[in-house]
Amino acid sequence: MDFAAYENREGVRMSFNAWPCSRIEATRIVLPTGALVTPGKSIPEMPVLPYEPVVCEGCQGVLNPHCMVDYARKSWRCCLCDCMNNLPRNYHEINPQNLPAELFPTYTTVEYTMTNKNVKAPCFMIVLDTACPREELQDAKDSIGQLLALLPEECYVGLITFGATVTVHELSGTSPLPRSYVLRGTKDVTQEKVKKLLGLELTAQEYATYDKNTGSQVANELSAKSRFLLPVSECEFVLSNILEDLQPDCFPREKGQRPYRATGAAIAVASGVLAEAHSAQGARVMVFTTGPCTVGPGTIVGRDAEEDLRSHRDLDKNSAKHFKDATKFYNSMGIRLATSSHALDVFACSLDQVGLAEMKLAVDQTGGQVILAEQFGAENFRKSLRKMFARREDGTLEMLFNGTFSAFCTPHVMVQGCIGPVSALAVKSKSISENEVGLGQTTSWRMCAFTPSTSIAVYYEIVNQHSNPLPHGQPFYLQFCCRYKLSTGEIRLRCTTVARRWVESSAAPEIIGGFDQEACAVLMARVATFRTENEEAFDLLRWLDRTLIRAGTKFGEYRKDEPETFRLPPNVAIYPQFMFNLRRSPFLQTANNSPDETAFYRLALGRESVLNCLLMIQPTLTMYSMNGPPQPTMLDVTSITPDTILLLDGYFFVVVHSGTTIAQWRKANYQDLPDYAHFKQLLAQPVGDAHQLAESRCPTPRLVECDQGGSQARFLLAKLNPSNTHQTQHQSGWEQQQNFGGGEIIFTDDISLSVFMQHLAKLAVAS
Ligand SMILES: [Zn+2]
């Protein structure tokens, strides 16, 4: 089976592409039955239909090529719930020679254009931290200038600045001096309070004469839409002037004290203004910050500089003073924002942590974007912003808004839940499983904001009774519908229907034949990170190991109690290696990372496409040499040799590592000699490739160029299989070194892949 071909056509990858036909058989396949769905994926051949879908009365699923149509009776049978439906009147003329596009067998993914009487462009609320030195503020202003230039001019913008207090700026430019409202930074403010404080309410007298249909001049003049949120084209001049005059927060700051920074209150105000003026229209609260919140709700750390920011150790010991309160506050912000379908973005340029660990859930449940950099002026930050606001061919932004993602399935299957940058919506459905995985108890989730690569993991439970098995080879169907907004305000509904087959038992060859180990590794990685974050006292590594051993016992070929006979079929063979690297990854290992970094990594793993997530778990390594074209090589310390350049792609960073000889030649400037053009080319190629990889991602990965033995080489070494360590050196000394041609060693006590595999074989074959 060509899983990538399926993905290109449907935007879906499944761990198992054939499912055992009863609940009992399903438990025997050990690993999760799930799908990774990319509802915004660019699918060039997908038709965009200029009308709304035909919907099943039984299950609200959408008419698709797998439904049987009775042309004579003008009816159709839903392939999901078996319900008979009448065809709508305008479909009465259809016949096998004259089909609407959504019934073409090849169009299993189509998009419908939905009517929208209230077309509004999205809104971008800039929330700018001014509690920083003048130069940093200038860099931040420049970034905002860059951002404004990237926005389509019909998009709305707003500006809130904060330090000790929170300032909401009027952008209308009707008064000669720009007006602004200063609110306290010490208190949470609700939407109602924001309305009062900003004078968005009508007086009793005005309210009495107010006509809901026609509005009134007073109401229009008072509204947030005419004062605080305006289209870029109308307020660019005023906004640039305000930014130009903006000074660093002047609140007195004593020695040994952190500046007042009311990030939490500022987010609350931003969410209030947007909820009032732009609810369900697609909006982002974009926080540009240079440090942690130190005052009011959402405080991450006290102002006394002696007080350290919390570390993983503090979190483990439950001794982080502000963590619980701050997390609770930001989570409530996340819920408020998600209710209006608005996203929270955090752009943090700071050497310190800013509190991303506390804000993670709010960012995650609203589909917001995080970019971390050392400064706003950094090239990486600018590139990330450019990528985030990239346009599609038709000129609309690549980013998508206000999505609702729904999963439909046959009655033999239940939806356990989903893991992705979403929040659960309360819906009633017969397909809700009691056994929750991720965000469950629903079949619909809100995606406040997402991108073409955002991928949602959906987990299923097969509930069919063993006594009543489904016929072997009979197809079953899953449907994914995602209703969302483009940056033009146009509403689309993307509908994907996938067909797979039941097989009679967990031992059927189709089970392994249809096993997508890459998709399965990502589904497992998401469950692992979700559980480690949400379940206290959960022994994650033990659970991962036991699951892997059971999978080895199930899918391996071996003679009982003879580990040396243990083999895995090709479709399963790399899976243990993914688990080996997942165990070592920063998603599960928190040593060497701050809580903010861990949150950043986990956010990305929870939303990216299968291939991107795999790179995060298990980077790719490519070798460049004079002896031929670049080729993939083992992710192993023995791959380091003096006369090659290695390119490691770990998604978050890309490393170009020169072997000793290469580095010596380069330092001696051989590349400038006329006879060494091929050497010059060898040096340039991996760097060029690294830049190309970086272009396609947001945030832009960090590019590390280093030499063998240099301090930066640790970025490479940390990701390689430690087959050759100071321990193994010690054991076999000279002989080992000879074997590996004087290769590198890694100083670590981690076990190597081969030891890991030996353990797996031993335990999997044990009777
Ligand atoms: Zn139906």
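## Helix H25: the two faces

Start with the side of H25 where Gln758 and Lys762 are exposed, exposed being over 50% relative accessible area with a 1.4 Å probe, protein chains only. Opposite them sit the buried residues (under 20% on that scale): Leu753, Phe756, Leu760, Ala761, Ala764 and Val765. These cover an arc of only 140 degrees around the axis, so they share the same side of H25; the arc is taken from the directions from the helix axis to the C-beta atoms.

What packs over that buried face? The cover includes helix H16 (540-555), strand S24 (557-559), strand S25 (562-567) and helix H18 (575-584), with contact meaning heavy atoms within 4.5 Å. Helices (H or I, at least four residues) and strands (E, at least two) are DSSP runs, numbered from the N terminus.

## About the model

This is a predicted model, where local features need pLDDT of at least 70, side-chain atom pairs need 80 or more, and totals for chains, interfaces and linings use all residues. Residues are numbered from 1 along each chain as its sequence is written, and side-chain values use heavy atoms, without hydrogens or water.

## The zinc site

Four cysteines hold the zinc ion through their SG atoms: Cys56, Cys59, Cys78 and Cys81, at 2.3 to 2.4 Å. Donors here are N, O and S atoms within 2.8 Å of the metal (3.2 Å for Na, K and Ca); water is not among the atoms, so sites may look incomplete. Along the chain, the donor spacing reads C-x2-C-x18-C-x2-C. Cys59 lies in the loop between strands S4 (48-49) and S5 (68-70), and Cys78 in the loop between S6 (75-77) and S7 (84-86), so this pair ties together parts 19 residues apart in sequence.

At 2% relative accessibility, Cys78 counts as buried.
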